[in-house]
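Q: Please take a single part of this predicted model and look at it closely, giving the cut-off behind each term where it is used. I would like one connected account of the pocket lining and the strands that go with it.

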Amino acid sequence: SCALTASAAIADTYPKNTGIDVEHYAFTLELQDLDDRIAGTAAIDVGFTRDGETSLRFDLVGRDATSGKGMTVERVAVDGAPATHAHRDNVLTITLPRPSTRGQRLRVAIVYAGAPASGLKIANNKHGERTFFSDNWPDRARH
């Protein structure tokens, strides 16, 4: 008799915001027929599960200089006040105005625009009508 055992420990190396709990996302998108550019606002309610968090990390594909596709962050606010942020290598990092406290809640607003590289198909259908189709499964929402 032969018994085979497979034991593979696959480490999840994806960076996470371990000290926060995103409680709610609300997205507002403006679409147009002139080109593939969209304008969006993400309103995000964040709760903190520990003290001392100084930044938040979000995935957002940045604008590619070659293709012109991707998003540009126009402004970020935390609880209505402008916030320092950096958008590099498809990651948006928002610096909090002060370190978090456990149980604290914040509202983050991210205003962005661009032509999606993926995740939202913008094209004419077979009848020549302009259509917008969400295709963000499993991991294209970052576009």
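**The pocket lining and its strands**

A: Strand β1 gives the most to the lining of the largest pocket, with five residues; a strand here is a DSSP run of E of at least two residues, numbered from the N terminus. The model is predicted, so to speak of local features a pLDDT of at least 70 is needed, side-chain atom pairs count only at pLDDT 80 or more, and totals for chains, interfaces and linings use all residues. Residues are numbered from 1 along each chain as its sequence is written, and side-chain values use heavy atoms, with hydrogens and water left out.

The largest pocket holds about 830 Å³ of space, the volume being that filled by probe spheres set on grid points joined across faces, edges and corners. On a 1 Å grid over the protein atoms alone, where a 1.4 Å probe fits, a pocket is an open set of points with protein on both sides within 12 Å along at least five of seven lines, and lining residues have an atom within 4 Å of a point. There are 31 lining residues, and Phe27, Asp59, Ala141, Arg142 and His143 are the closest to the pocket's centre. Two or more residues each come from β1, β2 (38–48), β3 (55–59) and β8. By class the lining has 19 nonpolar, six polar and six charged residues, where Ala, Val, Leu, Ile, Met, Phe, Trp, Tyr, Cys and Pro count as nonpolar, Asp, Glu, Lys and Arg as charged, and the others, Gly among them, as polar.

Strand β1 spans residues 20–30 and has isoleucine 20 within it. Isoleucine 20 is buried, with a relative accessible area of 11%, buried meaning under 20%, exposed over 50% and partly exposed in between, with a 1.4 Å probe and protein chains only. Beyond its neighbours within four places in sequence, isoleucine 20 is in contact with Val46, Gly47, Phe48, Thr49, Glu53 and Leu56, contact meaning heavy atoms within 4.5 Å.

In the sheet, β1 belongs to an open set of five strands in the order β1-β2-β8-β4-β5, with antiparallel pairing, and two strands pair if DSSP finds at least two bridges between them. β1 and β5 (81–82) stand at the edges with a single partner strand each, so one side of each is left without a neighbour in the sheet. Further in, β8 (residues 105–115) pairs with β4 (residues 70–78) in the antiparallel sense over eight bridges, and threonine 72 stands opposite alanine 113 in β8.

The remaining lining strand, β3, belongs to an open sheet of three strands, β3-β7-β6, with antiparallel pairing, where β3 and β6 are the edge strands and each pairs on one side only. Five bridges join β3 to β7, with leucine 92 in β7 as the bridge partner of phenylalanine 58. In a regular strand the side chains alternate between the two faces of the sheet. β3 has a covered face, Leu56 and Phe58, and an uncovered one, Ser55, Arg57 and Asp59.

Methods. Helices (H or I, at least four residues) and strands (E, at least two) are DSSP runs, numbered from the N terminus.
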